[in-house]
Amino acid sequence: MNSSHAVQILPPEWFTLPTCVVASDMVGKLLCRTMSDADGNLYTVKIRVVETEAYIGLDDPACHTHAGTRTKRTEVMYEAGGIFYIYLTYGVHHMLNVVTSRAESPESVLIRAGFFDECIVSNAILKNNQPELVASMTHHKNLAGPGKLTNRLNITRDLNQLPVAPDTGLWFEDDGCSPPVQLRPRIGIDYAGDAKDWLLRYVWAGHKSLSKLSCHNH
DNA sequence: GGATGGATTGGCT
DNA sequence: GCCAATCCATCCA
């Protein structure tokens with residue numbers, strides 16, 4: 001986006017910032033995922049984040065840790081920010097979260113949508129404005145929705161509790177992109193009473209790759 | 001040990 | 001718009 005800005009890997013400590021700051025600033029960042037093809041060759045896909053949600057802990061009825069709920073599943077959220085919280089919902093879809101804030105402040109950010117930006121194969125950088133690349137990366141094109149995003153990037157609970165870092169094969173980079181962000185109510189939490197109207201969803205204003213439910217709710 | 005329901009998606013009416 | 005899919009964490013007896 002901004003070619004004069006040095007690309008920086010976001011260190012785990014970046015995610016110890018307040019949850020709403022992380023959720024908002026994460027829009028425009030690159031979600032980077034290293035995978036292997038059928039022949040075992042490694043490649044890295046970079047996805048531009050366009051939609052996130054904040055789940056803000058003890059006083060948030062929509063959050064898995066509301067009222068201090070502390071179980072085997074949610075224990076990871078009580079760690080310091082900078083590790084993944086990944087769980088299965090509806091028996092079908094993996095939800096990708098990054099744990100945020102300090103230890104004992106059990107909050108996280110859900111990654112809801114992104115779009116394909118570039119792919120790195122054997123040090124060659126293939127950008128999304130190359131028609132032949134877009135054609136070959138069709139399976140990465142539709143990343144609008146939290147379940148679709150994890151499915152296309154091969155993200156499962158294997159990564160739960162692991163640090164947000166290149167060694168893990170899943171990390172974030174900042175290349176200076178800073179799009180306009182709008183606040184919206186969160187999706188799929190009708191059970192949460194008043195909290196269903198809280199403005200804790202952060203979207204790239206007017207972007208066409210927002211999740212389907214997101215557009216519907218607009 | 002059994003019941004409940006979900007931070008979703010895609011297919012069908 | 002409606003609804004099944006499909007696993008498993010969580011809660012209650």
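A pocket is an open set of points on a 1 Å grid over the protein atoms alone, where a 1.4 Å probe fits, with protein on both sides within 12 Å along at least five of seven lines; its lining residues have an atom within 4 Å of a point. The model is predicted: local features need pLDDT of at least 70, side-chain atom pairs count only at pLDDT 80 or more, and totals for chains, interfaces and linings use all residues. Residues are numbered from 1 along each chain, chains are lettered from A, and side-chain values use heavy atoms, without hydrogens or water.

**Exercise 1.** Describe the lining of the largest pocket.

*Solution.*
- Step 1: 28 residues line the largest pocket.
- Step 2: Nearest its centre lie Thr-89, Tyr-90, Met-95, Arg-112 and Pro-146.
- Step 3: The lining divides into 15 nonpolar, nine polar and four charged residues. Asp, Glu, Lys and Arg count as charged, and Gly is among the polar ones.

**Exercise 2.** Find the residues that come nearest to DNA strand B.

*Solution.*
- Step 1: Take residues with a heavy atom within 4 Å of the strand. There are 23 around DNA strand B.
- Step 2: Tyr-87, His-93, Asn-97, Gly-145 and Tyr-191 come nearest.
- Step 3: α3 (146-152) gives the most to this surface, with four residues. Helices are DSSP runs (H or I, at least four residues).

**Exercise 3.** Which parts of DNA strand B do His-64, His-93 and Pro-146 approach?

*Solution.*
- Step 1: The side chain of His-64 has an N or O atom 3.0 Å from a base nitrogen.
- Step 2: The side chain of His-93 has one 2.9 Å from a base oxygen.
- Step 3: A polar backbone atom of Pro-146 is 3.1 Å from a phosphate oxygen.

Terms used. Polar contact = N/O pair within 3.5 Å; in protein donor to acceptor, adjacent residues only side chain to side chain. Helix = DSSP H or I, 4+ residues; strand = E, 2+ residues; numbered from the N terminus.
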